[in-house]
Amino acid sequence: MEILYYPKFEKQFRKINNKIQMVCIEKISIFMLDPYDSRLKTHKLHGRLQGLYAFSVNNSYRIIFDFHSKNVIRFYEIGNHDIYE
């Protein structure tokens with residue numbers, strides 16, 4: 001599986017603290033093995049974000065992504081619930 005990181009995701013990732021970054025890297029490792037692992041709480045998004053998915057990094061942070069193709073995932077944003085707006 002290949003993950004493409006959009007520039008907005010990369011910029012947001014650099015702004016979060018190192019502790020959250022480390023948790024995020026751990027969750028991405030889990031995601032690469034199984035995007036629907038129960039620890040990630042992966043879910044479809046609705047409204048203006050319909051067609052996209054999100055998974056939990058921790059209680060506050062989420063990653064918004066989509067399945068571009070069978071083997072390619074695109075990560076769009078990382079942040080708290082404000083990224084849904």
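**Aromatic pairs, nonpolar cores and strand pairing**

Ring pairs link Y5, F9, F13, F31, Y36, Y53, F55, F65, F67 and F75 into a cluster; rings of Phe, Tyr and Trp (its six-membered ring) are paired if their centres lie within 6.5 Å, and planes under 30 degrees apart count as stacked, over 60 as edge-to-face and the rest as tilted. The model is predicted, with local features requiring pLDDT of at least 70 and side-chain atom pairs counted only at pLDDT 80 or more, whereas totals for chains, interfaces and linings use all residues. Residues are numbered from 1 along each chain as its sequence is written, and side-chain values use heavy atoms, with hydrogens and water left out.

Across the whole structure, the search returns 15 aromatic pairs. In the pair formed by Y6 and Y76, the ring centres are 4.6 Å apart and the planes stand at 40°, so this pair is tilted. Y6 is located in the loop between β1 (2–5) and α1 (7–15) and Y76 in strand β5 (residues 72–79), so the pair ties together parts that are 70 residues apart in sequence. Helices (H or I, at least four residues) and strands (E, at least two) are DSSP runs, numbered from the N terminus. With a relative accessibility of 32%, Y6 counts as partly exposed, whereas Y76, at 19%, counts as buried; buried means under 20% relative accessible area, exposed over 50% and partly exposed in between (1.4 Å probe, protein chains only).

A stacked pair is formed by Y36 and F67, with 6.1 Å from centre to centre and 25° between the planes. This pair also links distant parts of the chain, 31 residues apart: Y36 is in the loop between α2 (18–33) and β2 (43–44), and F67 is in strand β4 (residues 62–69). F67 counts as partly exposed, at 31% relative accessibility.

The largest nonpolar core comprises 18 residues, and those with the most contacts inside it are F31, F55, I63, F75 and I78. Such a core is a set of buried Ala, Val, Leu, Ile, Met, Phe, Trp, Tyr and Cys residues joined through side-chain atoms within 4.5 Å. At least two residues of this core are supplied by each of α1, α2, β3 (53–56), β4 and β5; the largest share, five residues, comes from α2. A second, separate core of seven residues includes L45, L49, I64 and Y76.

Strands β3 and β4 pair in the antiparallel sense over four bridges, where pairing requires that DSSP finds at least two bridges between two strands. Y53 has F65 in β4 as its bridge partner. The two strands, β3 and β4, form a hairpin with five residues between them. Strands β4 and β5 also run antiparallel and are joined by seven bridges; they form a hairpin with two residues between them.

I63 stands opposite I78 in β5. Not counting residues up to four places away in sequence, I78 touches F9, Q12, F13, I16, C24, V57, Y61, R62, I63 and I83, contact being defined by heavy atoms within 4.5 Å.

E77 is likewise found in strand β5 and is buried, with a relative accessible area of 15%. Its side chain makes a polar contact with the side chain of Q12 at 3.3 Å. A polar contact is a pair of N or O atoms within 3.5 Å; within protein, one must be able to donate a hydrogen and the other to accept it, and residues adjacent in sequence count only if both atoms are side-chain atoms. Not counting residues up to four places away in sequence, E77 touches K8, F9, Q12, R62, I63, I64 and I83.
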